[in-house]
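Thanks for coming. I will go through one model, picking out a few places in turn, and I will give the cut-offs as they come up.

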Amino acid sequence: MNVNKLKEKITLHPIMTLLIMIGVTIVLSGVLSLLGVQVTSRKISPTSLEYNTYIAEVSSLFSLRGLKYIFTSTVSNFTLFTPLSSLLIVLIGIGIMEKSGFLKVAITLLTKNAKKIHVTFVLVLLSILLSFIGDISFIIMLPLAGILFRYGKRNPSLGIIASFAGLTCGYGLSVVFTSMDSSLLSLTTLASRVVDANYVIEVGSFLFVMVLSILLMAIFITQIVERYLVYKLDKYEFPETEVEEEFFMGKNEKKGLCFAIVAFLIYFLIFMYNIIPGLPFSGKLLDQSQVFYIDKLFSYNSFFSTGFVFIVTMGFVILGFFYGIGAKTIRNNKDLCEDLGHSLDGIGQTLVLIFFVSILINVFKYTNIGNVATTFLATLIEESSFTGIPLILLLFFVTVFSTLLLPSSLSRWSILSGVAIPVFMKAGMSPEFAQVIFRFGESVSIGLTPLFAYFVIYLALLEKYNQGRKPINLLKSIRYMLPFSFLTLVLLLTILIGWYIVGVPIGIGAFPTL
């Protein structure tokens with residue numbers, strides 16, 4: 001009993017943990033800068049295909065200049081913090097869907113005759129597959145996962161953890177060629193031409209290995225959720241009104257559902273027509289200056305990419321609004337306005353968490369510690385004489401560890417690709433296979449680092465549904481993810497080594513070896 005009381009006393013709230021991490025980052029940057037910590041490495045010039053030497057060094061925050069940066073950048077960084085604005089906008093759409101009754105009716109109809117394990121599998125698989133829309137998938141899936149499990153009379157935290165596991169462990173897995181794949185592929189192609197000036201990589205080069213990995217990942221994550229994690233979470237106590245309430249599909253509910261489906265289909269068809277190129281007056285949401293379709297869709301200049309959060313939110317609003325009109329749960333403009341703000345009730349704690357996470361990410365990025373660490377790990381690859389499986393393991397674990405300190409895929413691969421790709425090609429392995437190793441490696445640890453901007457959404461939602469006396473601290477939220485990360489490490493590493501040994505194509509026209 002005394003031990004439990006002691007643990008309760010020393011349990012830190014996530015905000016206190018973040019404050020400590022910010023303080024440690026400031027002091028550590030000062031110490032490392034004072035010690036002159038720096039790493040010399042090389043990057044490939046896109047024009048000459050020759051290496052340019054550069055020095056990565058730590059920038060100190062433990063100085064007058066550093067402290068000025070913290071005070072002058074904190075407000076602007078918070079207001080421009082993408083997870084904040086995206087979450088607030090999407091919650092407006094989720095709020096009206098939930099308050100109008102649409103989500104309850106839709107989820108109940110879809111899941112009332114389904115087994116729990118099948119619902120979990122579909123949620124996990126959908127979370128993995130949605131990687132093609134980028135990080136916005138975290139904003140959409142995590143709140144909906146909690147609601148899905150709550151209406152299914154299960155612990156909402158279990159659904160949030162399952163979805164977050166699918167989103168992070170499947171972070172580098174995608175059946176379709178995504179915008180991120182395209183950006184990484186540009187770096188891979190550039191690095192490969194240092195060795196072979198005519199080397200070409202096709203967009204379907206990763207298809208086969210990705211399909212198998214996604215299916216196995218979804219199956220194994222589902223098993224961990226249903227066979228292990230479900231027994232580790234505290235029992236969720238539902239209000240008596242929700243426990244006793246039985247689902248009834250009346251005339252109004254049916255009418256509302258028909259209204260919602262028809263209205264959403266019209267909206268969806270208009271939307272789809274505007275992302276299809278080549279038809280009369282179509283493709284208005286695309287960036288026509290790009291070559292690949294995925295880049296036309298998700299480039300920084302496309303209307304689709306810049307407005308995607310609003311497009312999704314409007315779809316949610318249409319579903320909720322027209323259901324409410326048909327089901328008569330929305331009778332006037334007052335009901336509509338109150339429903340729009342429903343999901344924003346009690347969001348203060350979430351906003352505070354996001355505020356301190358934005359500070360942590362901002363100050364850590366300023367110190368350049370992540371870049372220095374990744375550059376140092378890149379030199380290990382460059383100076384190694386490994387080939388075959390040892391080289392696969394080296395790049396894989398370099399990616400795993402560097403992801404913890406530098407979550408940005410593009411930033412990491414811009415450092416690692418110029419070193420890893422030539423080393424792999426000289427060892428007789430293909431650039432495509434090196435990129436797959438990189439993507440698999442980041443899937444292991446992206447869900448374990450609070451420096452990943454969307455980790456805070458996962459943490460905030462766990463705290464929202466927490467019914468215990470103690471808050472869900474940062475370490476506990478990470479501990480929930482450890483079994484999934486270990487599974488990902490073993491599964492994806494086994495696939496990589498097995499694929500390399502067998503030597504079958506990893507995609508269309510691409511093999512593990514040259």
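This is a predicted model: local features need pLDDT of at least 70, side-chain atom pairs count only at pLDDT 80 or more; totals for chains, interfaces and linings use all residues.

When I say that two residues touch, or are in contact, I mean heavy atoms within 4.5 Å. Residues are numbered from 1 along each chain as its sequence is written, and side-chain values use heavy atoms, with hydrogens and water left out.

Start with Ile94. Leaving aside residues up to four places away in sequence, Ile94 touches Leu103, Pro143, Leu144, Ile147, Phe316 and Ser343. Ile94 sits in helix 4, residues 82-100. Helices here are DSSP runs of H or I with at least four residues, strands are runs of E with at least two, and both are numbered from the N terminus. Ile94 is buried, because its relative accessible area is 1%. For these labels, buried is under 20% relative accessible area, exposed is over 50%, and partly exposed is in between, with a 1.4 Å probe and protein chains only. From Ile94 to Thr313 there are 219 residues in sequence, yet the C-alpha atoms are 7.7 Å apart.

Next, helix 6, residues 116-129. Does its length agree or disagree with what its 14 residues should span? The expected span is 1.5 Å times one less than the number of residues. That gives 20 Å for helix 6, and its end C-alpha atoms are 20 Å apart, so the two agree. Its buried residues are Val119, Thr120, Leu123, Val124, Leu125, Ser127 and Ile128. Among the elements covering them are helix 5 (102-111), helix 7 (136-151), helix 8 (156-169) and helix 10 (207-227).

Now the charged pairs. Side chains of opposite charge can pair when their charged atoms come close. I count a salt bridge when a side-chain nitrogen of Lys or Arg is within 4 Å of a carboxyl oxygen of Asp or Glu. By that rule there are eight salt bridges. One of them joins Glu226 to Arg154, with the closest N and O atoms 3.0 Å apart. Glu226 is in helix 10 and Arg154 is in the loop between helix 7 and helix 8, so this pair ties together parts that are 72 residues apart in sequence. Glu226 counts as buried because its relative accessibility is 11%, and Arg154 is buried too, with a relative accessible area of 11%.

Arg439 takes part in two bridges that I want to show. With Asp181, the closest N and O atoms are 3.6 Å apart. That pair links distant parts of the chain, since Arg439 is in helix 21 (residues 431-445) and Asp181 is in helix 9 (residues 179-192), 258 residues apart. Both Arg439 and Asp181 are buried. With Glu442, the N to O distance is 2.4 Å. Arg439 and Glu442 are both in helix 21, three residues apart, about one turn of the helix. Glu442 is buried, as is Arg439. Asp181, Arg412, Arg439 and Glu442 are linked in a network of salt bridges.

Which residues does Thr399 touch, not counting those up to four places away in sequence? They are Arg412, Leu416, Phe438, Gly441, Glu442 and Ser445. Thr399 is in helix 19, residues 388-405, and is buried, its relative accessible area being 0%. A polar atom of the Thr399 side chain lies 2.8 Å from the backbone oxygen of Leu395.

Two backbone angles to look at. Most residues other than glycine have a negative phi, and most peptide bonds are trans. Lys153 has a positive phi, near 60 degrees, and is found in the loop between helix 7 and helix 8. Lys153 is partly exposed, with a relative accessible area of 43%. Lys328 also has a positive phi, about 65 degrees, although it is not a glycine. Lys328 is in the loop between helix 15 (308-327) and helix 16 (333-340), and at 43% relative accessibility Lys328 counts as partly exposed.

That is the last of the places on my list. Questions, please.

Definitions and conventions
A polar contact is a pair of N or O atoms within 3.5 Å; within protein, one must be able to donate a hydrogen and the other to accept it, and residues adjacent in sequence count only if both atoms are side-chain atoms.
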